[in-house]
Amino acid sequence: MKSRFLLLILFLLLTCTVDAQNKDAQLYARTINSGNAKAHLNILASDEWKGREAGTLWGDKAAQYIAAYYQKIGLKGAVNGAYMQAINAKRVPLLESLKVNGSSFKPIVDFFNMPASISLAGYDMQTDSVLFAGYGVIDEGMQPYNDFQDHTVEGKVVMLLGSGPRDAAFSFQQKISYLSFHKAKAVLLVEPLVDNKSDGLLVHLAGNPMMLEGSPELAALEKMAQGMPIIYLGKKVADALLKDAGTDLTAVRRKLTDTNKPYSFVFKTHFSAQASRALETVHPANVLGFIAGSDPVLKDEVLLLSAHYDHLGINPYVTGDRINNGADDNGSGTTGMLLLADAFMQAVKAGKGPKRSILFMAATGEEKGLLGSTWYVDHPVIPLDKTIANLNVDMIGRTDTLPHPDKNYMYIIGSDRLSSDLDRIVKQTNTTYTKLELDERYNVRNDPFQLYYRSDHYNFAKQGIPVTFYFGGFHGDYHKPSDDIAKIDFELLCKRTQLIFYTAWELANGVTRPVVDKKVEKR
């Protein structure tokens, strides 16, 4: 009887402890509110900060704002007492120009080189004649067809129309291989996509690539030899060239279509083009704030909460609004992380701080290829084996157009990839508190978007650290200047942030850290 009585007392004590902890979590979750969220995002996504591109003055301003807020609420600097972890990087802009008969044309607007095809030395090329070779097709089938028949390719600048008839017989790769093997001087590829660029292509061409010092990517670029230039031309440049042949783009297309025969000729012109890559040293920074754990043993373990604060900056090649404010991507996630930091600090000041330590990382360079998180795992301020999990937040301020019962959903990605414990905690805290629809459609292995590999959490997953990626979904303003603050649903942003807070609370106060019971997946 006595032992049963003692067990009952112990059960009641444990129950009271859990109930108190749950009430504490609910109390501090309520500090996450729309007013504070709006205050942060009105600054982060303002036109004044020009889209927060990494390695720019405006990206630095965003970093300074985050650091100042960490300090204001009482987070400690995690970098030897400071908040900024500067990364060593090289910005690698593409410099290009093109002239026809002395008239200059606009890069990206009228023509472009694919950035990855240009070495540091680049090329400087001019010619007084061009070989127009139709679609650049050689088809040795039942009806032989050869756009290069009776013409020598070596040393020539060759002008081709883009995809067209017989491409199944002679692919783009075969065309380029043929011209390179036969030592063409350059290829001028007339493509409709130059005048009708997709949003993704425009972002790719207008962006300033960045690489970490010491990275394999930078080493490969420094060793890269310049290959045969392939210059994509729009109609304006094509017509300027063909004018010297007494024709234009519409006429040669019609001729090829009407006759279904090769139509190749050499014409005189004055054409020049140059392209090269530059190397500019930049030092954007991760912003790291720290809460020390209250438990004398568990404080040596750390939970990492992250969100990238950089975005795409200014795009001078669009009409109208040119500032990519990135209110959702990822002003919303950065705002959520600041709200989490504030909620936990209020708990600390009330003597209810987390048992484990928490590191808050506003990461730089995510849009440049996960550079900030890559730098961090190579230069951690806390040993990686002490990091129990990473909860990463990206684009949580809006809904998408995919079917959901209502707007109260959250995509979760990766929580089950390394740790069954983490997956259970993520889902149990949602069931207990926020009751959002946790949608895992982007978590399947054959997801065409492969989001598990596309944000900062992946760099931690590669190190065997359990991760969860919280994501609100794609929308029509993704990577466009129209991703602005007027479209943010602040009530939803806060509810999603509260879900992350409850999960973080459980992880920071749990008896044991999430067990890694699955193999690391590397891409």
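Colleague: How much space lies in the largest pocket?
Modeller: This is a predicted model, where local features need pLDDT of at least 70, side-chain atom pairs need 80 or more, and totals for chains, interfaces and linings use all residues. Residues are numbered from 1 along each chain as written, and side-chain values use heavy atoms, without hydrogens or water. A pocket is an open set of points on a 1 Å grid where a 1.4 Å probe fits, with protein on both sides within 12 Å along at least five of seven lines, and lining residues have an atom within 4 Å of a point. Taken as the space filled by probe spheres on the joined points, the largest pocket holds about 910 Å³.

Colleague: Which residues of its lining lie nearest the centre of the largest pocket?
Modeller: The lining counts 39 residues. Nearest the centre are V203, L312, E367, K368 and G369.

Colleague: Which elements give two or more residues to that lining?
Modeller: Helices (at least four residues) and strands (at least two) are DSSP runs numbered from the N terminus. Two of the contributors are helices, helix 5 (199-206) and helix 6 (216-223). The others are strand 12 (210-212) and strand 24 (467-471).

Colleague: How many residues of the largest pocket's lining are charged?
Modeller: Asp, Glu, Lys and Arg count as charged, while Gly is placed among the polar residues. The lining has 20 nonpolar and 10 polar residues. The charged ones number nine.

Colleague: Which element gives the most to the lining of the second largest pocket?
Modeller: The second largest pocket has a volume of about 420 Å³. Its lining has 20 residues, with S215, E217, G369, L371 and T374 nearest the centre. Strand 12, helix 6, helix 10 (371-378) and helix 12 (457-461) each give two or more residues. With four residues, the most comes from helix 10.

Colleague: What share of contacts between residues at least 6 apart in sequence joins residues at least 24 apart?
Modeller: A contact means heavy atoms within 4.5 Å. In this chain, with 13 helices and 24 strands, the share is 84%.
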